[in-house]
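Take a look at the chain below before reading on. The report goes from the overall fold to single side chains.

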Amino acid sequence: MPAGIVYPNATNSDTAALARWFDIYHDTALQTLIRMAIDSNRDLLVAASRMQEALALSGAVKANMGPKLSYQAAAGGGKAGTDATKVQGGVDGGVLNVFGVLNWELDVWGKLRLQTQAATDEFLSSQANRDALQVSLVAEVATNYFLLRDLDNELMISESTLDGRKKNTQIISDKFNHGYVSELDLLQARQQESIAAAAVPGFRRQIILTENAIRVLIGLGPGPIVRGASNYDQILSPDIPVGLPSQLLERRPDIVASEFALQAQFARIGIAQANRFPTISLTGALGFASPQLSNMFTSQGLVANGFGSLVGPLFNWGQNKKLVEVEKHRTEQLYYQYQQTTLNAFADVDNALASYRNLNEEHLARKQQVEAATKSLTLSQARYDNGYTSYLEVIIMQTNLFDAQLQESFTMQQKLNSIVSLYKALGGGWY
């Protein structure tokens with residue numbers, strides 16, 4: 001971990017264990033969506049398959065460390081002259097043999113051990129990558145769900161505003177027909193009604209897009225999404241234990257994945273070094289061979305051979321030395337990537353902490369703005385009805401209230417999603 005890392009925006013450094021995702025998100029509808037995503041999301045299933053592939057590969061590589069036992073059997077015959085048999089040009093008579101063969105490459109330079117270590121680290125890295133994808137998936141489902149509930153609320157605000165403006169237009173139309181107000185007031189009222197009317201299909205369109213986005217995440221085709229609590233009724237505590245920066249190195253799956261990938265690459269340097277030295281192998285064969293089946297399984301047909309071999313590079317223009325340099329440079333690249341991943345993780349946590357604190361303050365101000373705008377519209381409407389001001393003042397107050405209500409709803413959604421971002425930044429959601 002880089003020295004001196006702190007979270008400037010953390011109010012406390014609670015080192016308690018991070019809660020499980022279903023203890024963070026209490027909305028039962030959201031819990032159902034997250035479970036469906038974990039079970040059915042195609043990207044997550046691909047990551048799980050890659051993890052199993054890496055596990056199988058690590059087992060296959062580990063098998064290279066032990067001796068290998070095989071068998072072979074042959075039966076046949078032919079006709080060859082004496083001169084041909086002298087130069088092994090053919091077989092004169094029958095040939096029957098059966099052997100058990102043992103091959104064992106001695107791991108003198110540690111190449112096979114390092115190959116096993118690299119494969120194991122690759123498996124652990126793929127497992128952590130799968131967990132990191134689940135962290136992102138859980139957060140994305142929650143983020144889209146809170147966005148959907150915000151859009152539902154904004155649609156409700158727009159429809160309510162439209163109903164109020166329709167009634168207002170009807171009142172002004174009656175006054176215009178009786179000559180109490182000018183046509184300009186009527187046209188302005190109709191314009192305000194149209195603004196609210198245009199907002200309704202816009203929010204309906206966004207709702208459909210968000211619903212379909214969620215259904216893709218949970219592995220389903222287009223369709224509606226079951227809702228639970230509104231954003232205002234969500235029980236989502238911001239008191240998530242942030243912990244110390246050093247704990248983030250253990251919590252964040254993407255950091256863990258990067259660390260194991262780096263360890264695997266370190267092992268590859270050793271493998272490249274070992275390839276510069278000779279390979280030592282032992283081979284043994286035990287069996288029977290005979291031109292006739294009746295004499296095959298006797299002492300005369302017994303075959304027992306053993307060999308040792310040493311094979312190594314002699315002169316290849318420095319190729320193996322260059323391959324070691326290649327692995328060292330790849331290790332250097334992964335080391336810098338690990339550092340960057342760690343720095344990004346620390347920044348993610350502090351950004352999320354700052355976002356929640358400031359969005360909480362902003363939401364309180366937005367609520368006050370709505371209260372003031374509501375009262376202002378009431379007073380302005382009364383002033384207009386009694387002839388003390390023009391309809392323009394009412395229009396301004398209507399616009400201010402409509403915008404304030406939408407902004408308050410949007411800020412509430414952002415506040416909830418800042419908690420989602422903090423939980424994700426801390427590495428929550430993979431268990």
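## Model and confidence

This is a predicted model. The protein chain has an average pLDDT of 87, and 89% of the residues reach at least 70. Helix α6 (residues 183-217) has the highest mean, at 95. Helix α4 (residues 82-86) has the lowest, at 61.

## Fold

The protein chain contains 10 helices and four strands. Along the sequence they run α-α-α-β-α-β-α-α-α-α-β-β-α-α. Among contacts with a separation of 6 or more, 81% join residues 24 or more positions apart.

## Surface and burial

Of the 431 residues in the protein chain, 40% are buried. The chain exposes about 23,800 Å², with 57% supplied by carbon and sulfur atoms.

One nonpolar surface patch consists of Val98, Leu293 and Phe297. Together they have about 300 Å² of accessible area. Val98 sits in strand β2 (residues 93-106). Its relative accessibility is 31%, so Val98 counts as partly exposed.

## Salt bridges

Side chains of opposite charge can pair when their charged atoms come close. The structure holds 14 salt bridges.

Arg149 pairs with Asp152, with the closest N and O atoms 2.6 Å apart. Both Arg149 and Asp152 are buried. They lie three residues apart in helix α5 (residues 111-177), so about one helical turn separates them. Arg204 pairs with Glu159 at a closest N and O distance of 3.3 Å. This pair links distant parts of the chain: Arg204 is in helix α6 and Glu159 in helix α5, 45 residues apart. Arg204 is partly exposed at 44% relative accessible area. Glu159 is also partly exposed, at 30%.

In helix α9, Glu325 and Lys322 are three residues apart, so about one helical turn lies between them. Salt bridges that share partners also join Arg149, Asp152, Glu211 and Arg227 into one network. In the Glu325 and Lys322 bridge, the closest N and O atoms are 4.0 Å apart. Glu325 is partly exposed at 31% relative accessibility, whereas Lys322 is exposed at 51%.

## Thr389 in its loop

Thr389 lies in the loop between α9 (319-385) and α10 (391-425). Is Thr389 buried or exposed? Its relative accessible area is 17%, under the 20% cut-off, so Thr389 counts as buried.

The Thr389 side chain makes a polar contact with the side chain of Glu393, at 3.0 Å. Leaving out residues up to four places away in sequence, Thr389 touches Ser380, Arg383 and Tyr384.

Definitions and conventions: Residues are numbered from 1 along each chain as its sequence is written. This is a predicted model: local features need pLDDT of at least 70, side-chain atom pairs count only at pLDDT 80 or more; totals for chains, interfaces and linings use all residues. Side-chain values use heavy atoms; hydrogens and water are left out. Helices (H or I, at least four residues) and strands (E, at least two) are DSSP runs, numbered from the N terminus. Buried means under 20% relative accessible area, exposed over 50%, partly exposed in between (1.4 Å probe, protein chains only). A polar contact is a pair of N or O atoms within 3.5 Å; within protein, one must be able to donate a hydrogen and the other to accept it, and residues adjacent in sequence count only if both atoms are side-chain atoms. Contact means heavy atoms within 4.5 Å. pLDDT is the predictor's confidence in each residue, from 0 to 100. Accessible areas come from the Shrake-Rupley method with a 1.4 Å probe; for residues, only the protein chains shown count as cover. Patches are made of residues with over 30% relative accessible area and no salt bridge: like charges are joined within 9 Å, nonpolar side chains (Val, Leu, Ile, Met, Phe, Trp, Tyr) within 5 Å. A salt bridge is a side-chain nitrogen of Lys or Arg within 4 Å of a carboxyl oxygen of Asp or Glu.
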